[in-house]
Amino acid sequence: MNRRYRKTIIAGNWKMNKTASETKKFAEELKRLLPRTKWCDIVVCVPAVNIPAALKAFKDLRVSVGAQNVFYEKSGAYTGEVSADMLKDLGVKYVIVGHSERRQMFGETDFSVNKKVIAALEADLHPIICVGETLDQRELGVTMELIALQVKSALAGVPAEKARRCVIAYEPVWAIGTGKTATAQQAAEVCTFIRATIRHLYGARIARSVTVQYGGSMKPSNARELLAELDIDGGLIGGASLEAEQFIEIINAANQG
Ligand SMILES: O=C[C@H](O)COP(=O)(O)O
């Protein structure tokens, strides 16, 4: 089975939720519930201001801490921004790039996503690159073209040895925070297409090793079915990652997949 070539990653995206003390409380609950053996990697992407608290709280749990955004310049007059080197220096391992909320509300484009991916990789971070279509785009029948464009743009100029460190998260915009999940078949179809796009860019060996996640209303009740699909190597989870018990159920589903 090809999955042995790549990591299964269950990543929580807390978005703009939880204070530093709530982060500590969550880590304590997670510690109590965490299975002894974990086949999947676990990541929690917290608000930037809570990264030090999260690193401290998750230190002994083998849970990696991720950021939700990064700026592509190394340093300078960019008020409010955080560089990849700053994240790396703190001990962050993953960073979400191009989430649809950032594309829709904060003017993120395929061009800035590409610059952020390159900056993250230069700092030895693992970018979690989000791609996904809106409902209009799905209904117009242009999902695959759009996904190919987003994947190719994000990886433009990224050499093969760095591409294998990227994670791609397929997040249909219509399924984010709506309670509507893509069916396992819909999600798998796009995740397989993402892998084919990577194969086209970098060849079969790299395509086999890149983790492709699904995100969009993933929860305990649908995680097992989604994660059973061979080309879905984990999840990027919003709402259900805020409750330790639900997050653990998804981790357990990945462990059994
Ligand atoms: O990054 C996570 C996604 O936006 C999914 O969020 P959700 O699980 O709340 O739908």
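Strand S6 and strand S7 (residues 211–214) run parallel to each other and pair over four bridges. S6 also pairs with S5 in the parallel sense, again over four bridges. Strands are said to pair here if DSSP finds at least two bridges between them, and the elements themselves are DSSP runs numbered from the N terminus, with helices (H or I) of at least four residues and strands (E) of at least two. Please keep in mind that this is a predicted model, in which local features need pLDDT of at least 70, side-chain atom pairs count only at pLDDT 80 or more, and totals for chains, interfaces and linings use all residues. Residue numbers start from 1 along each chain as its sequence is written.

**Around strand S6**

- Tyr170 has a bridge partner on either strand: Val131 is bridged to Tyr170 in S6, and Tyr170 in turn is bridged to Tyr214 in S7.
- S6 is covered on both faces, with Val167 and Ala169 buried on one side and Ile168 and Tyr170 buried on the other. A residue counts as buried if 20 or more other C-beta atoms lie within 10 Å of its own, as exposed if 12 or fewer do, and as partly exposed in between, with C-beta atoms placed from the backbone.
- In a regular strand the side chains alternate between the two faces of the sheet.

**Helix H7**

- H7 (residues 143–154) has 12 residues and should span 16 Å at 1.5 Å a residue, which agrees with the 16 Å between its end C-alpha atoms. The expected span is 1.5 Å times one less than the number of residues.
- Ile147, Gln150, Val151 and Ala154 are the buried residues of H7. They fall within an arc of 95° seen down the helix axis, so they line one face of H7. The arc is that of the directions from the helix axis to the C-beta atoms.
- An α-helix has 3.6 residues a turn, so residues three or four places apart point the same way.
- The packing partners of these buried residues are helix H5 (110–122), strand S5 (126–131), strand S6 (167–170) and helix H9 (184–202).

- H1 has 14 residues and reaches 20 Å from its first C-alpha to its last, close to the 20 Å expected.
- Thr23, Phe26, Ala27 and Leu30 are buried in H1. Their arc, seen down the axis of H1, is within 100°, so they line one face of the helix.
- Ser21, Glu28 and Arg32 are exposed on the other side of H1.
- The cover over the buried residues of H1 includes helix H2 (51–58) and helix H12 (244–256).
- Lys24 lies in H1 (residues 20–33) and is partly exposed, with 16 other C-beta atoms within 10 Å.
- Beyond its neighbours within four places in sequence, Lys24 is in contact (C-beta atoms, placed from the backbone, within 7 Å) with Ala53 and Ala57.

**The loop between S1 and H1**

- Lys15 sits in the loop between strand S1 (9–13) and H1, and has a positive phi of about 55° although it is not a glycine.
- Lys18 is found in the loop between S1 and H1 as well, with a positive phi near 80°.
- Most residues other than glycine have a negative phi.

**The ligand shell**

- The ligand is surrounded by 14 residues, the closest being Asn13, Ile176, Gly215, Gly238 and Gly239.
- The shell divides into five nonpolar, eight polar and one charged residue. Ala, Val, Leu, Ile, Met, Phe, Trp, Tyr, Cys and Pro count as nonpolar, Asp, Glu, Lys and Arg as charged, and the others, Gly among them, as polar.

Technical notes. Contact = placed C-beta atoms within 7 Å. Near = placed C-beta within 6 Å.
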